[in-house]
Amino acid sequence: MPTEEIRVRGTVQGVGFRPTVYRLAKACGLGGDVCNDGEGVLIRVSGSEEAITKFVARLQTECPPLARINQLTRTLYESELKFDHFVISSSVNNAIKTEITPDAATCLQCQQEIFDPFSRFYRYPFTNCTHCGPRLSIIRAIPYDRCNTSMSAFAMCSECGKEYHDVENRRFHAQPIACHVCGPAAWLERADGKSVTASMFSMLDDVDAVCTLLQKGEIVAIKGLGGIHLACDATQESIVQKLRQRKKRYYKPFALMARDVEIIKQYCIVNAKEKELLTSSAAPIVLLQASGTKQLASSVASGQNTLGFMLPYTPLHHLIMRRMNRPIVLTSGNLTDEPQCLNNEEAREKLGKIADYFLFHNREIINRVDDSVVRVLGDKVQTIRRARGYAPASISLPLGFQKVPQILAMGSELKNTFCLLREGKAILSQHLGDLENAAAFNAYQENLNLYLNLFEHQPEIIAIDKHPEYLSSKLGKELAGINQIKLYPVQHHHAHIAACMAENGIPLDSPPILGIALDGLGYGNDGTLWGGEFILANYRKFQRLATLKPVAMIGGEQAIYQPWRNTYAQLLAANLWNDCEQKYTDLEIFNFFRNKPLKLLNQLIEKRINSPPTSSVGRLFDAVAAAIGIYREECSYEGQAAIAMEAIVDVSSLNNDKETLIYPFNFGFLDSIYCIDPRPMWQALLNDLQQQIPQAVIAAKFHQGLANAIVEMVKHLSQENLINQVALTGGVFQNCILLEQVTKRLQTLGIKVLTHSLVPANDGGLSLGQAVIAAAQLIHEH
């Protein structure tokens, strides 16, 4: 009887993989054993060759819901081993090469149990099994065993122990298994410190009482899976405004939770793919088109035509939402720009003046994990923020990256993630936020240390962004110096393009493709700020072929939050200010400018005082939005004006090739590369404002005109370079209208278009690009 060793790598720990192996081995009449170790799962089987082959085939087709097999290898033992039966062996500690499973939404079986009065898990807010529950949020070390999680504080009762050791039970080796008797508990507190009991509300328990509090208009801080959220009734304008004022988050859209898809459909259009995402084990926030029979409080997402909805993803949330027939706001429990609060004491201190009540529990959150944000465009999923449910699942790299040494990529300043690269896999951290905030930077360093320890990752190379002032880059330099390892600075937009190439499976040795990287800004090779780039690139090197005409960012960072500064700079750069003073003095925008210190602004530009030139397409969007009266004076977050302008676009004006519905752009040269000049667009836009053309039509003409200009530039460049693939990347391509218009036009020309799906087009995907560029350069050097 032959004996084989079967090595399985991938997401195979803590997901019910070993019981599945056990069940299938018994069904196939095999003897042997299975265990977890640092590389994944190791199986030894003895039986006929036919039975072993059948076993392997069934293992791949009957994989548990949360498992993912990346690699399965079979090795024949030369000498036969004797096994009387099949057993599950203890975990083996050796070099860590396995993966950590993302946190998973409550499965249907657990949902049924928490609402079943005859189940021992009835109304237990921490019910889970091997098909669902906490993973990344509670783990301290690999292998994923209870002793290496925050559940180590809770000794199993005899009933839980019985299920944990029963190989036929779906809770076999479910590390966070717990119940009312032995597990974590939840309780309600008042923010003012006074005592509170569920009997005050005649409710079933403290969790059920939260629903009543929300219905009564209270703001409740809820400790969940990967952090603490703030919740309130999303249909009451005064309550939503109160939350905004207390949290000092005045405009950024709030995330929403609803009990089920049917309630969401009262407020949004939900197609089949969107429903699939909402109900998936990742359970992300899905951006949906707002349109329904009912209206939410207007300040939930002012200036937007989409709403971000999620469904309950833990038993705690299911129990809170059971009697809630309308949506709630469920936003991060933090002070503006700070990371989400994790523990009870921190929440009492920081959220005590925001929340009226706290729902706490005593299971420690080890790793902060924000809610993921996705949307569907056409039939493709776009990831906006990659966190809970997706991170830290690895991304398989294209051909050529299989034997790369360990690399650490530090990511960007904003929307930061970092990336560990080894053995053909990229492990991206969850979304870590904007590092310019001190608390966020501290959390970034804590997470970095945790991942390096969890995965026993010892990088031989560190990749950073070229921007000298990024905190992630400074830390990367410091780590490289201390550990005496090589440092690779990577240009921002090259990293964007490489990330798009990598997730689309472009092999390492492929010929260069054309990348179009449009964003707020990134540090260019010439020391200026880029943000509207056409770049011929492979993984090793790039050549800048074309750009948007650079325009001053008056006041530097101030221009991001005061869009009118960009309008003024654009009009000056287009040499249209004299025309404006003669022909367009009656326009609202010029009355606005009369109250601004224009002489001072002119001096700042002339003397280049805190007014760096940038080719940023993000700032062009801001400029157009301000010109037509959208968030002209001030924005509270980057891109707010651009997002609001996209929301009002007259869709009936799109997909129309009449020149009157497309603003023109010029094409010229700038320092030996091609340049897109928006001057004629501004001339046409001012004329439209004078003729009182509606905002929605002007917004549509701008989107169509920019898309047309981009495609015309690609046509020109493709004649001079062998181009048959174009990668669209950077935060500006999160604009659905621009992305759709450019994609459709390029595909009509027979050009293959690469876009993002697994990682964000924004800076959240940058670390992946940095990692593969460093890997490619290292391979090239050797």
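Student: Which residues is Asp 622 in contact with, leaving aside its neighbours within four places in sequence?

Tutor: Contact means heavy atoms within 4.5 Å. Asp 622 is in contact with Ile 560, Pro 563, Asn 566, Thr 567, Ala 641 and Ala 642. This is a predicted model: local features need pLDDT of at least 70, side-chain atom pairs count only at pLDDT 80 or more, and totals for chains, interfaces and linings use all residues. Residues are numbered from 1 along each chain as its sequence is written, and side-chain values use heavy atoms, with hydrogens and water left out.

Student: Where is the place of Asp 622?

Tutor: Asp 622 sits in helix H19, residues 617–627. Helices (H or I, at least four residues) and strands (E, at least two) are DSSP runs, numbered from the N terminus.

Student: Does Asp 622 count as buried or exposed?

Tutor: Buried means under 20% relative accessible area, with a 1.4 Å probe and protein chains only. Asp 622 has 1% relative accessibility, so it counts as buried.

Student: What about Val 726: buried or exposed?

Tutor: Val 726 is in strand E30, residues 725–729. Its relative accessibility is 0%, so Val 726 counts as buried. Not counting residues up to four places away in sequence, Val 726 touches Leu 514, Ile 516, Val 714, Leu 746, Ile 751, Lys 752, Val 753 and Leu 754. Val 726 and Pro 512 are 214 residues apart in sequence, yet 9.9 Å apart in space, C-alpha to C-alpha.

Student: Which residues are buried in helix H6?

Tutor: An α-helix has 3.6 residues a turn, so residues three or four places apart point the same way. In H6 (residues 237–247), the buried ones are Ile 239, Val 240, Leu 243, Arg 244 and Lys 247. They cover an arc of only 140 degrees around the axis, which puts them on the same side of H6. The arc is that of the directions from the helix axis to the C-beta atoms. The buried residues of H6 pack against strand E8 (228–233) and strand E13 (328–332). Lys 248 follows H6, and its phi is positive, near 60 degrees.

Student: How many bridges join E1 to strand E3?

Tutor: Strands of a sheet pair through backbone hydrogen bonds, either parallel or antiparallel. Two strands pair if DSSP finds at least two bridges between them. E1 and E3 (residues 40–46) run antiparallel, joined by six bridges. There, Thr 3 stands opposite Ser 46. E1 also pairs with strand E4 (residues 68–76), in the antiparallel sense over eight bridges. In that pairing Glu 5 faces Thr 75. Strand E1 (residues 3–11) is mostly covered, with seven of its nine residues buried.

Student: What order has the open sheet of six strands?

Tutor: The order is E17-E20-E19-E18-E21-E22, with mixed pairing. Strand E17 (395–396) and strand E22 (486–490) stand at the edges, each with a single partner strand, so one side of each is left without a neighbour in the sheet. Within this sheet, E19 (residues 419–422) and E20 (residues 425–428) run antiparallel, joined by four bridges. Cys 419 stands opposite Leu 428 in E20.

Student: Which helix gives the most to the lining of the second largest cavity?

Tutor: A cavity is a set of points on a 1 Å grid over the protein atoms alone, where a 1.4 Å probe fits but cannot get out; lining residues have an atom within 4 Å of a point. Helix H1 (residues 17–27) gives the most to that lining, with three residues.

Key. Buried < 20%, exposed > 50% of the residue type's maximum accessible area, 1.4 Å probe, protein only.
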